[in-house]
Structures are given as C-alpha cells and as structure tokens.
Amino acid sequence: MEGTNQKFTKLLSPFKIGKMELKNRFIFLPHLTGYAIDEGWMDCGLFSERNIQHYVERAKGGAAAVTVSQNVDPHSMMSDEYPVGSDPRNRENFRRLAEEVHKYGCRCITQLNHGGHNTLKNPPQILVAPSQMPEPSCHFNTKELEKEEMEQIKDYYVKAAVLQQGVGWDAVELKIAHDGLLRTFISPLFNKREDEYGGSFENMMRYPLEIIEAIRKAVGPDYPIGIRLCVDEFIEGGYSMEYGLKVARRLEEAGVDYLSTDAGSFSSFYMEIPPAVVPLGFALYMSAELKKTVDIPVIAFGRINDPVQAEMLLSENCADLVGMCRQLICDPETPNKTMRGELDDIRHCIACNEGCLGNDGIDVECVQNPGAGREKYFGIGTLTPAEAGKKVLVIGGGISGMKAAEIAAKRGHSVSLYEQSDKLGGQVLLIEKMPYRAEVGEVYRYLKYQLKRHGVDIHLNTRVDRQLVEQEAPDVIIAATGSVPVIPDYIKMDEAGIRVIDCRQAMRHLELIGQKVLIFDDIGYYQAGGTADYVTALGADTTIVTTSNFLGCDIEGTNNTLLLKRLYERGAEIIASHTISEIKGDKVTIRNVYSQAERVLGGYDTVIIAAQSSSDNQLYKELKAAGKDIRAVGDCVAPRAIEQVIFDAELAGRGI
Amino acid sequence: MNIVVCIKQVPDTNEVQINKETNNLVREGVPSIMNPFDEAGVELSLRLKENYGGKVTVVSMGPGQAEEVLQQALDMGADEAYLLSDRTFAGSDTLATGYLLSQFIGGLEYDLIVCGAEAIDGSTGQVGPIIAENLNIAQFTYVNGIAREGKKWKITRSVGKYMEQHETEQKILVCVMRQSAVPREGKSCGRTPEKVGAGAVEGLNPDRVGSAGSPTRVVKIQMSDSRQKSYVVIDDTLPARERIQMIINGGIEQKAQVEFMRGSAESLAQKILSIPEMSKVLP
Ligand SMILES: Cc1cc2nc3c(=O)[nH]c(=O)nc-3n(C[C@H](O)[C@H](O)[C@H](O)COP(=O)(O)O)c2cc1C
C-alpha cells in the first residue's frame, strides 16, 4: 500500500506534558539495554558510548522522546550493565546524550528504578522489599527495609533526578511498574508492614509519595515528573485494575504530570514484555480506563507496532501518547517512515523476544535489526553505496539470501536472486504455521518488499547449477542454500515400523501427522516445541521426549512458559532428559541420559524427529572449487536461528 | 432480464468526525462516495448482465449532487440511471424513501431488485426490505452471491459460519453484502442520469414522502462506548490466571473457538458433511 491515504493527524501532531513539548506522539518506552560498562564492584553501571548511540538512533528515527531506564542505587543493581542514574561519573555521558537527542528535536526522559525484590543477578547479593517475602517466581528471599535505608534510597532517587536535570534532561519518570521496589510498597500482596508505610491504602502509598515530594522539591514545580504505573500485577493474590486506577487517582492528586501504562510483574513476565501469544494492543483497555480516571496525559503501551494501530488508539481516546519499546528497537525509523507515508517500509516487531530478552535482557539485540545495540556499525546512515556496482547472484530465497540481496541491492549492486521453490521465505514459511507464530512471517514480508523496492530480479522455481552460473556470469555469488534436517543415526530403526519424519516434513505435510505422536527433541529450540504446539493443537495424543532437562530450553522464557502451559493443558506428556535408542514396530525405546536406564513406550503411529540439520553446501563447495567469488550465508554456513543468519547476511551484503 | 439497483450517495465515514460540543456528525469537507454495499450491488448486477444478458437500471434518491454516484454506475456499465430528486422529498426517512423507491420501481419492468444490505452512514438496513414489502415480493437479506440457472435465481446468503443456498423463480429483491463483489473501475461513457421529479412518479401520495411521511426522529447522535473497539476488554474481577487467559483469547468478546480439522481433502469433506448442522444446510 505505497502512498497510502491514511492520515496520521493525531499521531503526528505535537503534544505537551506540562511545559515539555513533544513533536509527535511516539514515545520510546524505557528498557534495560545491558550496554552500561561493568568493570567490577563499584565500577559498574557506567553509561556508555553504546548507550548514547542506541538512544540517539531512536531520536534520529523521529521519536518525540526517548526514556532511559536507570538504576538509582549502586548497592542494589538489577544487573551490573544497568546505568546508575545517581552516579556522578555518568554526568558527562548523560549530558552528551541530552545534547545529541535534542539535535533531532527529541526529548530525553529519565526512568528511575530501584530493583527492590527483583534482579537479573543470579544469585543476587541482597534483595530488599517492604516486607520479607520473595517474588513468587523467585527463589531468593528479601530483607525487610528499615527506615534509615528507606531514607537513603530516597536520597538516591533525588540525587539521580537532580543530576540529570542539571545536564539538560527534560523529565523524570519513576517506575512503580512490573519490577522494582516502589510497586511492592503499593501492592497489598507484597507490603505487610505494620508501621506507617503499610496497612491502609494511604500508608502503602506513603513511600512513593514521599519520594515524589522530595524530587518535586529538588527539581522545582515546572519539571515534569511521570510515573510508569503497573495497572494490573497479574499475580494470584496481587492487585488488578480497579486498584491500579485508585493508585492513579492518588498519584494525580500528588501532582504527577503523566502516567505511562504498564502491566505484569516478574511472576507474569509474559504480560510485562508480552510475546506474540498476547494480542497486539492487549493493554489498551488499561490506558483507556486510565484516561477516564485521570486528567493528566496517559501513555499507552503493549504490542503497539504499527502507525495505523497507533492512530486508531489515539482516535479512540485510549491514550494521549503512544509508547513503543520493541517496535523502535526493531525499526527506529518507524516515526519518520510514518511521516513519509512509507508504511510498507516499516519493519514490524514480531514480539519474538529472542533478541531483546532472549539472553535475560543482558545485551539487548534484535532478531530483525542487526543495528540494535550496534548502531555505530549498522545504524542509520551507515549503509553506504558500493564503490563499484557489481553483478551479484544470490542462490536461495530463504531469510539469509533475501537479507543479503536486500543489503547488496541497497548499496547499488545489480542483484538477482534464485529460489528453487515457488515462494520466498524459506523455513519461516513453516514457522509461521505454528500456533501464535504467524507474525514471524513479517520477516520475509519486509524483505520481500525491500527486494521489490530495490529492484532485485527474482526467479522462483529455478534451481541454480554450474551452467546457470556460467550463463549469468556474476561478479559475486552468495550461497544461501540452507540446510536439511537429519535423522540421527544413533536411532536404530526397522524399516517397516512407525512413520518416522523430521519436523520440517511434519510442518509441511499435515496429512503425515497421525493420531498418536511421539516428538523427539534433540535441539531445545522451536523445532520440537513449536511442532508439538502444532500437533497437539491438531488434537493428536502427544508425547515429547527431550534430551534437555526441560522442553524448550533454548526457547526464550516468556514464550516457553506459555508454550509449556499450552502443551500441558492439552494433555501432552513431556519426558525430560531422555534420548531415543530404538524405534521398532509401534514401540520406541528411550534412555535416560544420566542413568542410561531404558524404557519402552508404545502405541505410536508417528514419530517426529527434531534433531540437528546439516548445511546444504554442495553447490557452494563446487563453485568455490571452480574459482568463483562465492560467499556463504545462513544455514548454508551452519544451521542457526533467524537472528544469526540475518546478521551474517547483513555483513555479507555490506562486504560486497 | 431486467435488474434494478438502488444506490445511495454517502459521506465517506472513514473521514467523518463527531463534533464534541454538538455531538453531530461533521459533514463539511467530507468526500461523498457511493455506498460500498451498493457498489458491490452494481458490480453483481453487471456480472449477471454479462453472463445472462439483460439490462441494468440504477435508481437513487437524493439531492442533485447524487448524480455523481449514478454517473459512476453508468461509467461502470449500467444502462440507465434515474435520480429521484424533488424539494418535497427532503427529510425522508427510511420509511418514506422505501415507499418512494418502490413506487417508482413498481412502474418499471423488473425481474430482480438489488439493494445494499445497509448504508455506511446510517446502517439501518431497512430500505431494501421496505421496498420488497411495498411491492409484495420475496426478499433475501445478507446475500453474498446470486446466479441464474434457467428460470431460477440461485441465491447464497451468509449466516454466521454457514452459507445458505436458496432457489426461486419469482421476482425478488436481494440485499447484498459489501464483500460480495469487488467493484470495477468505471470508464467514462456518454450516458447520463435522468432526473425524476415528484410529478413524474405515478400514483405518488405526497403525504408519504419527505418529512411529512417520515415518522422517525433522530434525538441525538453520540460516540457509543459499546461500539466495537479495536482493543480487548476483560473482566477485572476474575482471578489473575483467568484475566491473562482472557486477554490471550482476545477479550470478553472472544470469538467461538475455531476447531482445527485435518486430514486429506476427502476425509475433511466427510468430516464437514457429518457435522449435524451442516447436513441441514447442504442438499
Ligand atoms: C529488554 C527489555 C527491557 C525492558 N526494561 C524495562 C525497564 O527497564 N523499565 C520499564 O519500565 N519497562 C521495561 N521494559 C518494558 C517495555 O518498556 C514495554 O513496556 C514492553 O516491552 C511492552 O511494550 P512493547 O510491546 O512496545 O515492546 C523492557 C522491555 C524489554 C523488551
């Protein structure tokens, strides 16, 4: 829909929070980056050059404001790569960040948090809370805060706010959200104190309100103070929206300048950073209720990844501002592309959580955007035209082939791409069939559009061989020929037995899946878990045997929690720490990987194997031996996940 | 075979805003278009004509400006177009409009009358049924497709999950859905719409048209809270686990769980045919 007639009258219109002017409604929501420097105890949490570039990139991309998540207390760190807002050593880089983002008419907002009972450290040195009690999902107990400690923490908050106001930041936001100390104070589940900070509603609100008051005193009446507010904790026994709205009203009375919607907790982390299972815009009802409850501006959040959606929520009066976190990690230029009306050019976040959250939030990356956290090398403006235009031939229309073709074409090379099947997209065409994984299809949707836009000559249903290469006579060849699944030879099989297929066959040919299915997992990623999701949704009676200690050990946590929930609810049986030794008749012999004890399971009509794939690099080797300039990308190099093959391909495209 | 299509010019509701103070639709500067349901009706009629022969006549009632949509229908390929336009028609509600249209169409030769299932500006869906009642002919609402077989009309209605098939040899009126056909682009043609005043409609009772013939009173228009939102709504009083599940399922208004079915084409067909409700629908 190029040149769409959608008008983004609200989304692109300016707005004001107090005296802070915002040029449009796009707000980059706070997120831990893992980019701060850690050189050991007391020399950690140092705001880095990489931090600066990450936020400047979003300012360049057209956001009205970036929110920078920070820790307040150096003695209580979420992680050692989390910038410490109160540390004077960060002053110069904080100043530079404000200066840089202001160049793009973008505002710079501090988000201050005290980790409290939450941490990413395992094990943490110490966790603190209003009362001694761990987060239900956490194994580490807490220390009940004493009043002097509370005073000290309050001072850190004030120190951080003042430090940043002093170097030109535009507003301060306190986190009473899915993690951290302040929410535990207002939560009747976590706050069991018997002094003036617990018991009644007013008592539970006291500590956050004291901090707000202290900051207000220090920063003056005109400096905006916002709250990131968890509206629903989504914990059994925790508070829900009715209570969240009551808190909102109290915060408004206390003179807070805006509310940024938030939900969930570490115990329901799939609601705080929702994977694709949770519907787009799932939390808008909360923002809409906040809007009805308070008169101060409200920021919406949660799976908002598209300007049309954003305009709609504004026109439905769900919020005044649109918060996007992962969408702007994935495509920092979303606001500018909206402005230019280039909607198809927007790369939508697929909420896979693999890059940003996959490694426990340490070092945020993005599956689709190799530039996230690597702005210096892959950010806006780093893709420069090639010195000499070359003729490039890409073999394979999977993700890595398409990505390499995109980058090469953008740099001015003349690119043709050959795909042996009738569709572009490679393995993603199978992935998107798995329940709740349809959005992964965006990966090839985006690339396909780029290929069209940049004039890549696409040939489907064409298998490349030596002869075709000689005919085309390209300067450079990219081999993106993928991989083939392998059924490991340690599994002994008798020929006439059960139908044994690999997971790709299962995803491709529904009719091969029987009624009683055993899935064997020797990878730990979606191959087994996702196929099991599909097979059980089809209604087959399913047993899953995994060599890992639990199924989906390499699937990102928010996704895997919900996946396991679905599988167990559908009655799947999961057997961990076992491998298959033999398949005979309708019987499968499995062996405990620790004790080597064997067990025989029976009555299956289908066995689906999810084991390693092997690179399909025959042609690559052949052409290389023939002296061609050929470079391999993707699974052809080594079978891996989307993030890794996109990175490969980006590099290859830039290297031509 | 003569087909009469009723069409209406409407404001493009994608562009309509509500004035916050007066709660009225702001129509100024809003582009006018042919009601998309009617546009589908014109397209369906043209396809019938192309397949089985005949003539397509389009009729509209409205101010002079409504000639635009009639011209559009002519450009798409309609043979004749009439605009019922008269000062005395002003202020007609659905009852009066239905009466007027039936009075005019009753004077034409017709085998089939096609209306849009509703208009996007008022969404009453009443005019088609009123015309059919006045002319005392059979009517089919929510029609997704229509074909001719010998002397028979074959009509497809979409009802919830199912498609209903009907057959008849009578004169009928159908109210068609917006998705039933994608309208073609028009090519400018030499034909123009003809204007018809009150005097030219035979046997017209002046008391039954215009505001005089319109009992409907619009008391107030306002943004409705219950109108379909683009976001989920959940019951906040449920336990956390159920609130989460409700969100994942798409909110209170979650659609009925769609059942997965699998198998070869033949076995799927068998399965579908064995659903009890299906056997009632299919021959
Ligand atoms: C890696 C990561 C770290 C996050 N860290 C924070 C944080 O420090 N403070 C905060 O308020 N929200 C944090 N969030 C939550 C986001 O601000 C946002 O609410 C969430 O990602 C859902 O919005 P989205 O769908 O636009 O991404 C984080 C999200 C991610 C992905």
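pLDDT is the predictor's confidence in each residue, from 0 to 100. This is a predicted model, so colouring by that value is a plain way to begin.

**Chain A**

Select chain A. Its mean pLDDT is 95, and 98% of its residues reach 70 or more. Next, pick residues 1-5 of chain A, where the pLDDT is below 50. In the model this stretch has eight contacts beyond near neighbours in sequence. Where pLDDT is low, the predicted coordinates should not be read in detail.

**Chain B**

Move to chain B. Here the mean pLDDT is 85, with 79% of residues at 70 or more. Select residues 254-258 of chain B: the pLDDT stays under 50 over them, and the model has two contacts for this stretch beyond four places in sequence. For the model as a whole, the scores are ipTM 0.90 and pTM 0.79.

**Where the chains meet**

Show both chains together and select the residues in contact. Chain A supplies 33 residues and chain B supplies 20 residues. About 2400 Å² is buried between chain B and chain A, and 57% of that lies on carbon and sulfur atoms.

Which residue of chain A forms a salt bridge with Arg243(B)? Select Asp232(A): the closest N and O atoms of this pair are 2.7 Å apart. One salt bridge is found across the interface of chain B and chain A. The interface also has seven residue pairs in polar contact, counting those with both residues at pLDDT 80 or more. On the side of chain B that touches chain A, the residues comprise nine nonpolar, four polar and seven charged.

**Cysteines of chain A**

Now select the cysteines. How many disulfides are there over all chains? The count is zero.

Go to Cys318(A), which is in no disulfide. The nearest cysteine sulfur to that of Cys318(A) belongs to Cys230(A) and is 18 Å away. Cys318(A) counts as buried because its relative accessibility is 0%, below the 20% cut-off.

Then go to Cys366(A), where the nearest cysteine sulfur is that of Cys330(A), at 4.2 Å. Cys366(A) is in no disulfide, since a disulfide needs the two sulfur atoms within 2.5 Å. Is Cys366(A) buried or exposed? Cys366(A) counts as buried, at 11% relative accessibility.

Notes. Residues are numbered from 1 along each chain as its sequence is written. Chains are lettered from A and ligands numbered from 1 in the order in which they are written. This is a predicted model: local features need pLDDT of at least 70, side-chain atom pairs count only at pLDDT 80 or more; totals for chains, interfaces and linings use all residues. Side-chain values use heavy atoms; hydrogens and water are left out. Contact means heavy atoms within 4.5 Å. Buried area is the accessible area (1.4 Å probe) that two parts lose on being put together, summed over both. A salt bridge is a side-chain nitrogen of Lys or Arg within 4 Å of a carboxyl oxygen of Asp or Glu. A polar contact is a pair of N or O atoms within 3.5 Å; within protein, one must be able to donate a hydrogen and the other to accept it, and residues adjacent in sequence count only if both atoms are side-chain atoms. Ala, Val, Leu, Ile, Met, Phe, Trp, Tyr, Cys and Pro count as nonpolar, Asp, Glu, Lys and Arg as charged, and the others, Gly among them, as polar. Buried means under 20% relative accessible area, exposed over 50%, partly exposed in between (1.4 Å probe, protein chains only).
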